[in-house]
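The sequence and the structure are shown first.

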Amino acid sequence: MKPNQILGQLGEDYAAKYLVDRGYQIIERNWRCAAGEVDLVARQQDQIVFVEVKTRNGNGFGHPFEAISEQKVLRMRRVAAAWCQANQAAGAKIRLDAIAVLLRGERAAIEHLKQVF
């Protein structure tokens, strides 16, 4: 694995634990289809939550949320629709969230933005 892939995986691990600690159930990790990929699919009560996780180990490339472009948001919407179709969840309440993980040594700062797209 490349260093950026290892960093991304670590960030997704932190994000998944963060969500589970707050009562979410992780349904899928790194779900892929022809439209693209979503990092995490979770359930919170009656909602399906699609989560984009961005991880940085410093501020050299800006805040993690700055890496989420308009095109990434459009791709997330298409992937969410494809997931719902593939899992017979048409008509389900869905939400698109973003989680930023900023790693500093052994510590992780996590920000969670709900229904951001």
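## The Lys72–Glu52 salt bridge

In this predicted model, lysine 72 and glutamate 52 form a salt bridge, with 3.3 Å between the closest N and O atoms. The two partners belong to distant parts of the chain, 20 residues apart: lysine 72 lies in helix H2 (residues 70-86) and glutamate 52 in strand E3.

Both ends of the pair are buried. Lysine 72 has a relative accessible area of 14%, and glutamate 52 has a relative accessibility of 2%; each is classed as buried because its value is under 20%. Salt bridges with shared partners also bring in Lys54, so that Glu52, Lys54 and Lys72 belong to one network.

## Other salt bridges

The whole structure contains 7 salt bridges. One of them joins the side chains of arginine 95 and aspartate 97, at 2.8 Å from N to O. Arginine 95 is buried at 7% relative accessible area, and aspartate 97 is buried as well, at 0% relative accessibility.

A further salt bridge connects aspartate 21 with lysine 17, with an N to O distance of 2.7 Å. This pair is placed within helix H1, its members 4 residues apart, or about one turn of the helix. Aspartate 21 is partly exposed, because its relative accessible area of 49% falls between the 20% and 50% limits.

## Nonpolar cores

The largest nonpolar core comprises 13 residues, and those with the most contacts inside it are Leu19, Leu40, Val51, Val53 and Ile99. Two or more of its residues come from each of helix H1 (3-21), strand E2 (36-44), strand E3 (47-56) and strand E4 (93-104). Helix H1 provides the largest share, 4 residues. A second, separate core has 12 residues, including Trp31, Phe50, Met76 and Ala89.

Which residues does valine 51 contact beyond its neighbours within four places in sequence? Valine 51 is in contact with Leu19, Val38, Asp39, Leu40, Met76, Asp97 and Ile99. Among these contacts, Leu19, Leu40 and Ile99 are also named among the residues with the most contacts inside the largest core. Asp97 is the partner of arginine 95 in the salt bridge described above.

## Threonine 55

Threonine 55 is located in strand E3. With a relative accessible area of 8%, threonine 55 is buried. Apart from residues up to four places away in sequence, threonine 55 touches Leu7, Gly8, Gly11, Glu12, Pro64, Val101 and Leu103.

Technical notes:
Residues numbered from 1 in each chain as written. Predicted model: local features only at pLDDT ≥ 70, side-chain atom pairs only at ≥ 80, totals over all residues. Heavy atoms only, no water. Core = buried A, V, L, I, M, F, W, Y, C linked by side-chain atoms within 4.5 Å. Buried < 20%, exposed > 50% of the residue type's maximum accessible area, 1.4 Å probe, protein only. Contact = heavy atoms within 4.5 Å. Salt bridge = Lys/Arg side-chain N within 4 Å of Asp/Glu carboxyl O.
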